[in-house]
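Work through the exercises below with the structure in view, and try each task before reading its solution.

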Amino acid sequence: MAQIEIKDLSFKYKVSDKQSLKNVSLSIEKGQFIVVCGKSGCGKTTFLRCLKPQIRPAGNIEGTVSFDGLKIEEMTDEEQAKKIGYVMQNPEHQIVTDKVWHELAFGLENFGDKSEYIRAKTAEIAEYFDITGWYNEDTDSLSGGQKQLLNLAAVMVMGPEVLVLDEPTAQLDPIAAERFLDILKKINEDFGITVIISEHRLNYVLKKADKVLVLEKGEVSDYGKIREVVKKGLSMDIEPLMPVPSRTFGQSEGEVPISVAEGRRWLENNWNRKRKKELNGIDSEKNKDKEIRKKQYSVLCNNIWFRYEKNGCDIVQGLNLQVEKGEIFAILGGNGTGKTTTLLLLSKILKAYRGKLKMDGKAVLLPQNVQILFERETVSEELENVSDKMIKEMKLEALMKMHPYDLSGGEQQKAALAKILSKEPDILLLDEPTKGMDNIFKEELGRFLKCLAASGKTIIIVSHDLDFCGEFVDRCGLFANGSLISESDVREFFVNNRFYTTTVAKMSKGIVENAYKMEDIIC
């Protein structure tokens, strides 16, 4: 008997005419690792939340979800809490206490367990997750990756049989994301815990999974073994959702690669040398054009220094930066290196205590947490100053009656971007703009930003998404310890910083298209 049996599951939000789920039926065996994927707004989050009634959204539901033969609604709140763990997309939304050890103990305290048992279990789980070094730290002092790891540990301490995770790596840098997924796979293998996870980073997660579920407009588009689903997906309109190694392989003969290692081996044997020469030739022409064009700078930073507290550490240290008008510039680097703080300085939300900043034109900021931009009850009200043309370009027409908080992560990003563009800025500051977006809209966003840049708008992006940057950015800068340690045209950047780009991105379409030599992506 399947551990989880879903039959004809349908769901409709009360505030929307849109059917979020339509007759979803599937079985999940105990100990399986299931990946849920699909375009932004396809119903992934709604589907996952329907697996745990305590956090199910308000709306009309039909069909059944059974756990070990028992309808999930018939389980007690305590049974649901213990047996079905849930990890949210935003680490901040799940942490409820001020100390790491207290966060680990919180669930067990609510179950009324004895103090001796709680101390033993929290110490045990801290050792397993290797978080004893920050056991007594304040939760608000942790990095995004540490917070999400703490959320997972706090769920695991209650001994769940199923883990449900809604894009848990969306807020993490690529290195922290891969570490998180490695731990998740270890839990799956060590304890036989069933994992059901929605993810956009299929390059990382598919190699760990048993099956993949593809949702499209709330319906099951495909469900089955990884390679079979990926192979079929490459010839469908969900092709951009597939892992980059698989997309590079395309319709070639043989077994489709789903991991970086498999893709690298295939590329080593099939790399098109002629295509490399063509790309080099195109790039040479671009460089000539840049030499001819007179440079006009929209952003000039000269020796910028900033700290949040008078006696605190400098977060930005001696920043020097020049960004041309009509250029798309990406700031890359790990968490905590000063990237977001730099955007806040450029937007003049923060003020440096030393150095000079010159901004030629009006700048607006798209923050990493776009929900802080939403103040109204419906998307329509939020976008009342946005043109119908832009709403259509952003594909937001079907979402206008919904509450902004009921949108998927990718849909929220689109709505927020449309809102700030209505301010008609000269300079766009975007903090992780592709967060929560599927590859299909990423490409649409990239082309849209290219058009904005061509019209004279300057765009500065903070991003962990090297695939996106490799395709659509003009120049990249690498941040470390609060300063810009390297900057160059995108192709030169990926070659000169190959240890960073290889560690972070492994193999991305952008790097494939923008590397001078094959050795630079297969080192």
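**Exercise 1. Find which residues of helix α5 and helix α6 meet, and describe how the two helices pack.**

Solution. In this predicted model, begin with the contact itself: G145, Q148, L149, L152 and M156 of α5 meet A176, F180, I183, L184, I187 and F191 of α6. Sorting these residues by class gives nine nonpolar, two polar and no charged residues.

Next, turn to the geometry, since two packed helices are described by the angle between their axes and the distance between the axes. Helix α5 spans residues 144-156 and helix α6 spans residues 174-191, and they pack at an angle of about 15 degrees, with their axes 10 Å apart. Because angles under 35 degrees count as roughly parallel, α5 is roughly parallel to α6. Finally, the crossing of α5 and α6 is right-handed.

**Exercise 2. Determine the order of the strands in the open sheet, and which strands lie at its edges.**

Solution. The open sheet is formed by four strands, which follow the order β2-β1-β4-β5 with antiparallel pairing. The edge strands are β2 (19-28) and β5 (70-71), each of which pairs on one side only. Between β1 (residues 4-13) and β4 (residues 59-67), the antiparallel pairing runs over eight bridges, and the bridge partner of I6 in β4 is V65.

**Exercise 3. Decide where the model calls for caution, using pLDDT.**

Solution. Start with the whole protein chain, whose mean pLDDT is 85, with 90% of its residues reaching 70 or more. Then look at residues 503-523, where the pLDDT is below 50, although this stretch has 70 contacts in the model beyond near neighbours in sequence. Where pLDDT is low, the predicted coordinates should not be read in detail.

Technical notes: Residues numbered from 1 in each chain as written. Predicted model: local features only at pLDDT ≥ 70, side-chain atom pairs only at ≥ 80, totals over all residues. Heavy atoms only, no water. Axes fitted to C-alpha atoms, helices over the stretch in contact; angles between N-to-C directions. Parallel < 35°, antiparallel > 145°, perpendicular 65-115°, else oblique. Left-handed = near helix turned anticlockwise from the far one by under 90°. Contact = heavy atoms within 4.5 Å. Nonpolar A, V, L, I, M, F, W, Y, C, P; charged D, E, K, R; others polar. Pairing = 2+ DSSP bridges. pLDDT = per-residue confidence, 0-100.
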